[in-house]
Amino acid sequence: MSTANEEKETAEQISAEQNEGAPATETKDPIAEAQAEAAKWKDLAARNQAELENYRKRVARDREDDSKRVRAGLLEQLLPVLDNFEFGMIEVRKGDPQSPIVIGMEMIERQLREFMAGSGVEAIDAVGSKFDPNLHEAVGQEESDDIPEGQVIRQLRKGYKLRDRLLRA
């Protein structure tokens, strides 16, 4: 294994450097040398252990980030389907509110909303709120005597947030 060879070479270099500074006539204590060598290897092992732990944490964090990106992408693709379903519900409700189709579609609508809420998605209600370019996308500007300047008058399409991240303005 290359790391074992590198560690052996490092140990030999350290030992050679220690020997260069000592006079040749002086005898070294083999116990002190062994203790120094053991301390050096213990330090190296501790550093490698810390490096391995940091690597594991980084891999776990990367996996979690990837999972969040995939989940957000899926939810973004689901938003147009949710919009079309809401448009369909508007039309269905124009008929008999007690019809089995209306009741069934309301059940599906409730399940979709629960799924989105459980996934951390919340709708952004813009009408009447102050315009925020971080959350809203302006399509036009209108003058109004009733509504103060800078407030959203009309919403053409719902915006959604996934926790702190904006999915759609």
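Which residues make up the largest nonpolar core? I started there, keeping in mind that this is a predicted model.

**Entry 1, core.** I listed the largest nonpolar core and found 9 residues: Ala72, Leu75, Leu79, Leu82, Met116, Val121, Tyr160, Leu162 and Leu167. I then sorted them by element: α2 and β2 are the elements that give two or more residues to this core. The largest share, 4 residues, comes from α2. I also looked up the contacts of leucine 167, leaving out residues up to four places away in sequence. Leucine 167 touches Ala72, Leu75, Glu76, Leu79, Val121, Tyr160, Lys161 and Leu162.

I checked the pLDDT and noted a chain mean of 85, with 84% of the residues at 70 or more.

**Entry 3, sheet.** I traced an open sheet of 3 strands, ordered β1-β2-β3, with antiparallel pairing. β1 (121-124) and β3 (165-168) are the edge strands, each pairing on one side only. On average, neighbouring strands are turned by 35° against each other, direction ignored. I counted 4 bridges between β1 and strand β2 (residues 159-162). For valine 121, I found leucine 162 as the bridge partner in β2; both residues are also listed in the core. I then placed the helix: α2 lies across β1, β2 and β3, and runs at about 45° to β3.

I searched the whole structure and got 14 salt bridges.

Lysine 40 and glutamate 37 form a salt bridge, with the closest N and O atoms 3.8 Å apart. Both are in helix α2, and because they are 3 residues apart, about one helical turn separates them. Glutamate 37 counts as partly exposed, at 32% relative accessibility.

Arginine 93 and glutamate 109 form a salt bridge, with the closest N and O atoms 2.7 Å apart. Arginine 93 sits in the loop between α2 and α3 (100-118) and glutamate 109 in helix α3, so the pair ties together parts 16 residues apart in sequence. Is glutamate 109 buried or exposed? I find glutamate 109 buried, with a relative accessible area of 10%, while arginine 93 is partly exposed at 39%.

Arginine 154 and glutamate 142 meet through their side chains at 2.5 Å, N to O. Both lie in the loop between β1 and β2, 12 residues apart. Glutamate 142 is partly exposed, with a relative accessible area of 48%.

Last, I followed shared partners: salt bridges join Glu86, Arg93, Glu106, Glu109, Arg113 and Lys158 into one network.

Conventions: Residues numbered from 1 in each chain as written. Predicted model: local features only at pLDDT ≥ 70, side-chain atom pairs only at ≥ 80, totals over all residues. Heavy atoms only, no water. pLDDT = per-residue confidence, 0-100. Pairing = 2+ DSSP bridges. Axes fitted to C-alpha atoms, helices over the stretch in contact; angles between N-to-C directions. Contact = heavy atoms within 4.5 Å. Core = buried A, V, L, I, M, F, W, Y, C linked by side-chain atoms within 4.5 Å. Buried < 20%, exposed > 50% of the residue type's maximum accessible area, 1.4 Å probe, protein only. Salt bridge = Lys/Arg side-chain N within 4 Å of Asp/Glu carboxyl O.
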